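User: I would like to go through this structure and ask what stands behind the terms used for it. Please set each value against its definition.

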Amino acid sequence: MYEGALADLIEELGRLPGVGPKSAQRIAFHILSADAHDVDRLSDALKRVKQLVRVCEICYNVSEEERCRICRDGRRTDENICVVEESKDVIAVERTGEFRGRYHVLGGAINPLEGIGPDNLRIRELMTRLQAGETKELILATDPNTEGEATATYLALLVKPMGITVSRLASGLPVGGDLEYADEVTLGRAFEGRRVLD
Amino acid sequence: MRRRLFRDDAVVLRVQKLGEADHIVTMLARRGGRIRAVAKGVRRTTSKFGARLEPFGHIDLQMVEGRNLHIVSQVEGIDLYGRRIAEDYAAYTAASAIAETAERLTPIEGEATLRLFQLTLGAMRVLAERAYPSTLILDSYILRGMRDAGWAPVLIACAICGLKGDHRAFSIPAGGCVCRDCRPAGSAHPSPSALVLMRALADGDWKTATASENGVRKEASGLIAAHLQWHLERDLRSLSLVERN
Ligand SMILES: [Zn+2]
Ligand SMILES: [Zn+2]
């Protein structure tokens, strides 16, 4: 067994998603043998990301300023809001080049088995945004799996009485997959072919 | 050592992310009881498996046996209820509570529970078909699932002395209805209609159950949930999130 600083590093790395004990050990030894400047840059980057990055006060996308780049962009329309589960899904939709509206990042999907209900997501914040009255269409781009579908069902129920068009990405996205893994062509097509929920 | 390949059919209870692209799938299998298996690569959009391994579906699968986790090698959908259930929010929350109840009623992995498997499969089917209001399906499931675990509330006799009859008081610690003489301090006095509904739900008498009023359903749900949680060490997380309107 390792001890001291090396053991601590292996333990910390092992907590990262997708890093098993063997990989943690390999990365730790890589860091140990790396150039001191490279390691400084890495540790700086780790510290800066926690200091500088927060969430946008409007859409909850990651941002280094109070409002993210998309919410600050005056050429984009407030008439369409695309609802996604996570910030990485914003990147996925942006890659398609199909969308010129704004986003709303929920922070996950409704999953009662994991104790996540509507109150644990940024749904109340979405309702507040919609009450401002600028929005004509809400596009539900939650993941194409059971939790994502149920979250879309819940939101549609809540939003349709407000007279806002609610649409869901077209099928063609493989069920059970993560939105972030959809290639931009498939996701772009799903966006174009989105269907209005009634 | 060569790992054994085996086949079973199962209801998917829970799907959790593992690493970059995998899922851990918890299922209740016809022969194998509650089992967990890794499905590799299912979150990549090129995977054909993903759609079949979604929560609440009935699947036929082939697995490679593992010590803790099996590995899914093939899977076919028999009835993929997940999508239809997700289109009805109340059904989705009820299905989640049914799945969590199934997990909690099977504390030992790999122990066969054919009756609970059939009960769980039947509950998912009627939820997907919208055959009855979803909260009634959930409550009937809990009552019948508890019967197999030996925890069913006594509804047609006194839980303490065994005297037959439609007793009015209900005591969770005593295990169900209690007669006038045995009734412990702090017993509940539910409305007679709530007890009629509970008896109907335990027997699968849907005609009586669906004729009940909303207030009565809520009363029965409260007693059933309290009775279940009393027997479990931890609360069910999904129960408080069940949509009851
Ligand atoms: Zn923003
Ligand atoms: Zn008695």
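Analyst: We can start with a sheet in chain A. An open sheet of five strands there has the order β4-β3-β5-β6-β7, with mixed pairing. The model is predicted, so local features need pLDDT of at least 70, side-chain atom pairs count only at pLDDT 80 or more, and totals for chains, interfaces and linings use all residues. Residues are numbered from 1 along each chain as its sequence is written, while chains are lettered from A and ligands numbered from 1 in the order in which they are written.

User: Why are β4 and β7 of chain A said to stand at the edges?

Analyst: β4 (102-105) and β7 (195-196) of chain A each have a single partner strand, so one side of each is left without a neighbour in the sheet. Strands here are DSSP runs of E with at least two residues, and helices are runs of H or I with at least four, numbered from the N terminus.

User: How do you know that β3 and β4 of chain A pair?

Analyst: Two strands pair if DSSP finds at least two bridges between them. Strand β3 (residues 80-84) of chain A is joined to β4(A) by four bridges, and the two run parallel. The pair therefore meets the criterion. Within this pair, A:Cys82 stands opposite A:Tyr103 in β4(A).

User: What packs on this sheet of chain A, and which strands are touched?

Analyst: Helix α7 (residues 146-159) of chain A does, touching β3, β5 (137-140) and β6 (165-168) of chain A. Its direction makes about 165° with that of β5(A). Contact means that the C-beta atoms of two residues, placed from the backbone, lie within 7 Å. Angles run from 0 to 180 degrees between N-to-C directions, and axes are lines fitted to C-alpha atoms, for helices over the stretch in contact.

User: What makes up the barrel in chain B?

Analyst: Five strands form a closed barrel, running β1-β2-β3-β5-β4 (chain B) with mixed pairing. From one strand to the next the twist averages 50°. α2(B) packs on the sheet and touches β1 (5-18), β2 (22-29) and β3 (33-39) of chain B, with a direction at about 120° to that of β1(B).

User: Which residues does B:Gln62 face?

Analyst: B:Arg7 stands opposite B:Gln62 in β4(B). In β5(B), the bridge partner of B:Gln62 is B:Gln74.

User: How many residues lie between the strands of the hairpins?

Analyst: The hairpin of β1(B) and β2(B) has three, and B:Gly19 in it takes a positive phi near 60°. The hairpin of β4(B) and β5(B) has five.

User: Why are α4 and α5 of chain B called roughly perpendicular?

Analyst: Two packed helices are described by the angle between their axes and the distance between the axes. For helix α4 (residues 134-149) and helix α5 (residues 192-203) of chain B, the axes come within 8 Å and cross at roughly 75°. Angles under 35 degrees count as roughly parallel, over 145 as roughly antiparallel, 65 to 115 as roughly perpendicular and the rest as oblique. α4(B) and α5(B) are therefore roughly perpendicular to each other.

User: Which residues of α4(B) and α5(B) meet?

Analyst: B:Leu136, B:Asp139, B:Ser140, B:Leu143 and B:Arg144 in α4(B) meet B:Met198, B:Leu201 and B:Ala202 in α5(B). By class, this contact has five nonpolar, one polar and two charged residues. Ala, Val, Leu, Ile, Met, Phe, Trp, Tyr, Cys and Pro count as nonpolar, Asp, Glu, Lys and Arg as charged, and the others, Gly among them, as polar.

User: What makes up the side of chain B that touches chain A?

Analyst: 29 residues of chain B are in contact with 21 residues of chain A. On the chain B side, α1 (82-86) and α2 (89-104) are the elements that give two or more residues. The largest share, seven residues, comes from α2(B). This side of chain B has eleven nonpolar, eight polar and ten charged residues.
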